[in-house]
Structure formats: C-alpha cells, structure tokens
Amino acid sequence: MNDIPEKQNQPNQLALLSAQRRLYSASKKLFFWRTIIALCVATVGSYLVSNITYFGSYLALAIVSYIVIDIYVLKRKESEHRETAAAVQELFDTRLYELPWNDFVAKKKPDDELIALWARPLELDNQALKDWYPREVGKADLDFARFVCQRTNLWWDSTLRQNYVRFLIFILIATGVVLALLSIYFELSVAAALVQLLPLLPLANLLQEQVRDHWETYSQNISLKGQIDEQIEKMVRREVLETPSVVSRIFQDEIFRHRRKSSLILDYFYWKFRPKQEEQMQFSAESKVTEYLNAKPA
C-alpha cells in the first residue's frame, strides 16, 4: 500500500499542478502566436507578391527578419516557460514518489514564490486537477506504484504525440498538394512558383520543426516505456530488484529531460483525446496492479 492517491490531491500538490498547467499554457500561447504570424506572412505575403511585382525583395527581407526574431526571442521565451513548467511537474512527481531531487539534472527546485505566482487558487477545487494518477496504484507497494505512474506518464504523452504528428503531417502534405495544383492550374513557371512559395517558408519551417521534435520525443518515450515495462514484469514475477528506487530515479531523470525540451501540444488535442486516453490509462493501471497483487511469490 502507498499514499499516492491521497497525497496527489493535497492543496500543496494541486498548487503545483495549477502552476505547471498555467506555465505550459503560457508556452503554448507563444507557440500559437508564432503559428498565427507564420500564417499571416503566408497568406498576406502571397497576395502581395501576386499583386505587387516589386514587393518580392521587401517580403524576403521581412521573412528573414521574422525568422531571426522567432528563433532568438519568441521561441526562447516559449522554451523558458516550458522548462519551468517541467521543473514544477518534476517537483510534483518527486514528492509523490518519495524520490530525492536531482540537482544535477533538474537544477534548482522551483521557489515557493514562483508557485504562488503561477498557481491559480480557484483552480484547486477543479476536478480536472484531482486524481492525476489512477487511484488503483495505491493498492500496491510504493516501488511498484512508481513504475506504474512513470509508465502512465510516458504512455499518455507518446499516444497524444502520435496523433498530433499525424495531424501535422496531414497539414504539410495537404498544403503542398494544394500549392502544386494551383501552380499547375495557373500555369506558373518554376521561378514564379518559387516566388509564390516564399511567404510559406516560416509556416513550413514551423511545421517541419514540430513534426521532427514530436516524433523524436515519441520514439524516446516508447523506448523508455519499454524499459519500465521490463521492470514491472520483473516485479510481477517477484524477482528481487536490489534498488528499485534508484532505477525509478534514473527513469524520472529521463522523463524530466523529455518534458524540458519537447515541443508542446495544443490544448485542443489534449482535451479531444483525454476521455478515451483516461479510460485506457485507468484500465491499464488497474490491470497491472491486479496482476501484481495476484502473482504468487517466486
């Protein structure tokens, strides 16, 4: 038995969840505006190039300037919020798992003042924040529960990213097909078609960057989840693990690294897939805990 189900709903823990949610939201808003600006450049730029012949050189300068600002200002601020949110989420997990804080990987713990700044007190009674992890994990001992919770984090994130990558690839392919068809329809030369494509560079750069980052994180999560599954199977078989808490700490370090550097997924997709994923998550956790409790000692 362990007290993860109860501890995760304590006010100080819910404050961490509220803070990390708002920090992630701030990062997502920056990404949203980066996307909107890229879309505006693509649509307005295409119109200007088509109707004002001498505007091409000015547009090229504007696009290059925006890309520089995007990389060194907007993206950097987005990353700052994401990394802070990852640190807050790491504090939430390490408290629940009773794992030591790793200063080498996660650096300094988030200050209480930062939590107070970002946490929204009115959210603390929000049911969406409660029962972050399946309550079934409370039936097992802490060592096993840690692995199940860590596996839950990785499965949830990788499944969501897989769906998101499919959507982004669809957008990229659809955009390319539409542009090719328009070029053929208007019988544009190669040079003219390239000029028409110029305003789409910021958007295309943003989308391909997202596809690459999300797929890389997805692959890493799947690999790490497989390693955790191996530990879970060993414990189900009642094999003796000499230092399960140390192994969990190593896994947690990798989870933190992924959270800190990975691109975020827009909230719309999170809420769209949450009901189905939550049902699957609950079933999986209950199944693994039941299998563990019913297993006969080796």
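1. The buried residues of helix 9, where buried means under 20% relative accessible area with a 1.4 Å probe and protein chains only, include Pro 244, Arg 249, Asp 253 and Arg 259.

2. On the basis of these values, the model is a predicted one, in which local features need pLDDT of at least 70 and side-chain atom pairs count only at pLDDT 80 or more, while totals for chains, interfaces and linings use all residues. Residues are numbered from 1 along each chain as its sequence is written, and side-chain values use heavy atoms, with hydrogens and water left out.

3. The largest pocket has a volume of about 860 Å³, a pocket being, on a 1 Å grid over the protein atoms alone, an open set of points where a 1.4 Å probe fits, with protein on both sides within 12 Å along at least five of seven lines, and lining residues having an atom within 4 Å of a point. The volume is the space filled by probe spheres set on the points, which are joined across faces, edges and corners. Of the 36 lining residues, the closest to the centre are Tyr 24, Gln 89, Trp 132, Trp 156 and Tyr 270, and helix 6 gives the largest share of the lining, 7 residues.

4. The structure holds 13 aromatic pairs, counted where rings of Phe, Tyr and Trp (its six-membered ring) have centres within 6.5 Å, with planes under 30 degrees apart called stacked, over 60 edge-to-face and the rest tilted. Phe 144 and Tyr 292 are stacked, at 4.0 Å centre to centre and 10° between the planes; because Phe 144 lies in helix 6 and Tyr 292 in helix 10, this pair ties together parts 148 residues apart in sequence. Phe 144 is buried, with a relative accessible area of 0%, and Tyr 292 also counts as buried, at 8%.

5. Trp 156 and Tyr 270 form a tilted pair, at 6.0 Å centre to centre and 45° between the planes, and this pair joins helix 6 to helix 10 across 114 residues of sequence. Both residues are buried.

How values were computed: Helices (H or I, at least four residues) and strands (E, at least two) are DSSP runs, numbered from the N terminus. Buried means under 20% relative accessible area, exposed over 50%, partly exposed in between (1.4 Å probe, protein chains only).
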